[in-house]
Amino acid sequence: MLRILTLITGLALMGACTQTQVYEEPESLGEFKLRVNYAFAEKAKQGPVSRDATPKEWENAIQNAVDIRMGRYEGAQDYDIGISLEGYMLAPPGIPIIYNPKSTAIVLVNVYDVNKKEFLAKGKQFQVLEDTTGGSALKGSGNERTKEEQMSGLALKVADRVEEWLAEEHLENGWFDKRPDPIQPLDPAEVTQNPARAAAFHSDVLDFPL
């Protein structure tokens, strides 16, 4: 818990560089297709002087952002993404120029291959910091943005970072490469000679573990 709170405090004093857009150019993700995205925030640690937010508010914000970013890929293989919010700080109103803390969030991410019934990654940690605009730079995030705007911005930064990470893993480790078809086409001659052979082929039903 102390480590999470220390990270939150440290990140809150840092600056942000670029403005993350809701819709950006898609990454190269091979055959990736999002089946379900899960968000959990019940155990999230709230940082010092943070605005209050309920776990449900966080879960809705994260799921919505991930759906927007990751739901646009239409590959042929299903994957699930689970994101656990570990800690956050939603900047309160401060003193312009003198004290302008930034909103931050720390998450752990799991990626599950539905067809292979195995995790590609478990507990990958990311730390994100809200973007700075001209208004928030002068007035401070807490003065310029509502709590909901801060949460939406952080959730978008999480989705953006996860999307970039998945693209990196696909490029370097082939995470979402097309898998060979497990069922090979039958030779027409074999079907004629032995029609019963076709009945031997079947497909398994794979369920995500609950």
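**The aromatic cluster and its surroundings**

Let's start from Leu 166: leaving aside neighbours within four places in sequence, this residue is in contact with Leu 29, Phe 32, Met 70, Ile 81, Val 111, Trp 175 and Phe 176. Please keep in mind that the model is predicted.

Leu 166 also belongs to the largest nonpolar core, a set of 38 residues, where Phe 32, Trp 58 and Leu 166 have the most contacts inside the core. At least two residues of this core come from each of β1, α2, β3, β4 (104–113), β5 (118–129) and α5. The largest share, nine residues, is supplied by α5. As general background, nonpolar side chains in soluble globular proteins tend to be buried together.

Now to the rings. Searching the whole structure gives ten aromatic pairs. In one of them, the ring centres of Phe 32 and Tyr 73 are 6.2 Å apart and the planes stand at 85 degrees, so this pair is edge-to-face. Phe 32 sits in strand β1 (residues 32–40), while Tyr 73 is in the loop between α2 (55–70) and β3 (77–89), so the pair ties together parts that are 41 residues apart in sequence. Phe 32 and Tyr 73 are both buried.

Another pair is formed by Tyr 79 and Phe 176: with centres 4.9 Å apart and planes at 80 degrees, these rings are edge-to-face because the angle is over 60 degrees. Here, too, distant parts of the chain are linked, since Tyr 79 belongs to strand β3 and Phe 176 to the loop between α5 (147–173) and α6 (188–193), 97 residues apart. Tyr 79 and Phe 176 are buried.

These two pairs share one aromatic cluster, made up of Phe 32, Tyr 73, Tyr 79, Phe 126, Trp 165, Trp 175 and Phe 176. A ring can also have a charge over its face: Lys 122 lies over Phe 119, at 4.9 Å from the ring centre.

Gln 77 is placed in strand β3. With a relative accessibility of 5%, Gln 77 counts as buried, because the cut-off is under 20%. Not counting residues up to four places away in sequence, Gln 77 touches Glu 31, Phe 32, Lys 33, Asn 115, Phe 176, Asp 177, Lys 178 and Arg 179.

Just after α5, Gly 174 has a positive phi of about 65 degrees.

Finally, the wider setting. The protein has six helices and five strands, and from the N terminus on, its elements run α-β-β-α-β-β-β-α-α-α-α. Of its 210 residues, 40% count as buried. Among contacts between residues at least 6 apart in sequence, 76% join residues at least 24 apart; the pair of Phe 32 and Tyr 73, 41 residues apart, and that of Tyr 79 and Phe 176, 97 residues apart, can be read against that background.

Terms used. Residues are numbered from 1 along each chain as its sequence is written. This is a predicted model: local features need pLDDT of at least 70, side-chain atom pairs count only at pLDDT 80 or more; totals for chains, interfaces and linings use all residues. Side-chain values use heavy atoms; hydrogens and water are left out. Rings of Phe, Tyr and Trp (its six-membered ring) pair if their centres lie within 6.5 Å; planes under 30 degrees apart count as stacked, over 60 as edge-to-face and the rest as tilted. Helices (H or I, at least four residues) and strands (E, at least two) are DSSP runs, numbered from the N terminus. Buried means under 20% relative accessible area, exposed over 50%, partly exposed in between (1.4 Å probe, protein chains only). A charge sits over a ring if NZ of Lys or CZ of Arg is within 6 Å of the ring centre and within 35 degrees of the ring normal. A nonpolar core is a set of buried Ala, Val, Leu, Ile, Met, Phe, Trp, Tyr and Cys residues joined through side-chain atoms within 4.5 Å. Contact means heavy atoms within 4.5 Å.
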